[in-house]
Amino acid sequence: MQKIVLTFKQAFSSILVVGLMVFISLSGSFIVGQQASHATTLEELKLIPPDYKPNSEEKVNRAYEYDPGVGVREEDRQKAYEQAKKDSTNLNTIEKAYERNLKAEKEQNPPESFGEKAKEVIEKVTGK
């Protein structure tokens with residue numbers, strides 16, 4: 001009886017070792033596999049003819065259409081640089097530049113007046 005149990009124990013341990021080896025090798029094959037990529041370019045989709053080669057300005061314009069922060073115009077940057085360079089020459093011009101920037105900021109984001117806020121509160125309260 002003891003021989004039979006010992007034989008089953010050895011057979012079970014060898015089956016267990018072989019099973020674990022198969023499991024590890026199969027799981028490794030799933031990890032290495034690369035997922036399919038669905039990204040493509042406009043050239044691959046045949047939306048742009050293969051002989052079309054945009055110049056650098058067209059590329060910047062295209063990037064600017066998708067994200068305005070990407071394609072900051074070189075002329076605007078150069079103009080701002082020249083203005084900052086001119087403003088930094090004298091302390092009086094620095095103060096003037098600060099006032100000019102402050103005025104431009106206020107024009108872009110005007111502060112709400114007390115009357116407008118009161119009007120909004122009254123509209124909220126009355127429900128109109």
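Is Asp-87 buried or exposed? Asp-87 is buried, with a relative accessible area of 11%; here buried means under 20% relative accessible area, exposed over 50%, and partly exposed in between (1.4 Å probe, protein chains only). We will come back to this residue after a walk through the whole model.

What you see above is a predicted model, in which local features need pLDDT of at least 70 and side-chain atom pairs count only at pLDDT 80 or more, while totals for chains, interfaces and linings use all residues. Residues are numbered from 1 along each chain as its sequence is written, and side-chain values use heavy atoms, with hydrogens and water left out.

Let's begin with confidence. The pLDDT is the predictor's confidence in each residue, from 0 to 100. The protein averages 80, and 87% of the residues score at least 70. Among the elements, H1 has the highest mean pLDDT (86), whereas helix H2 (residues 56-66) has the lowest (75). Where pLDDT is low, the predicted coordinates should not be read in detail.

Now follow the chain from the N terminus: the elements run α-α-α-α-α. That gives five helices and zero strands, where helices (H or I, at least four residues) and strands (E, at least two) are DSSP runs, numbered from the N terminus. Of the 128 residues, 3% count as buried. The accessible surface comes to about 12600 Å², with 61% of it belonging to carbon and sulfur atoms; such areas come from the Shrake-Rupley method with a 1.4 Å probe, and for residues only the protein chains shown count as cover.

Together with Leu-16, Leu-20, Phe-23 and Ile-24, Phe-12 makes a nonpolar surface patch of about 570 Å². Patches are made of residues with over 30% relative accessible area and no salt bridge, joining like charges within 9 Å and nonpolar side chains (Val, Leu, Ile, Met, Phe, Trp, Tyr) within 5 Å. An α-helix has 3.6 residues a turn, so residues three or four places apart point the same way.

Back to Asp-87, whose place is in helix H3 (residues 74-87). Arg-100 forms a salt bridge with Asp-87, the closest N and O atoms being 2.6 Å apart; a salt bridge is a side-chain nitrogen of Lys or Arg within 4 Å of a carboxyl oxygen of Asp or Glu. Since Arg-100 lies in helix H4 and Asp-87 in helix H3, the pair ties together parts that are 13 residues apart in sequence. Arg-100 is partly exposed, with a relative accessible area of 39%.

Helix H4 (residues 91-108) is hardly covered: one of its 18 residues is buried. From first C-alpha to last, H4 reaches 26 Å, close to the 26 Å expected at 1.5 Å a residue; the expected span is 1.5 Å times one less than the number of residues. Helix H5 (residues 114-126) passes this check too, because its 13 residues should span 18 Å and its end C-alpha atoms are 18 Å apart. Just after H5, Gly-127 takes a positive phi of about 85 degrees.
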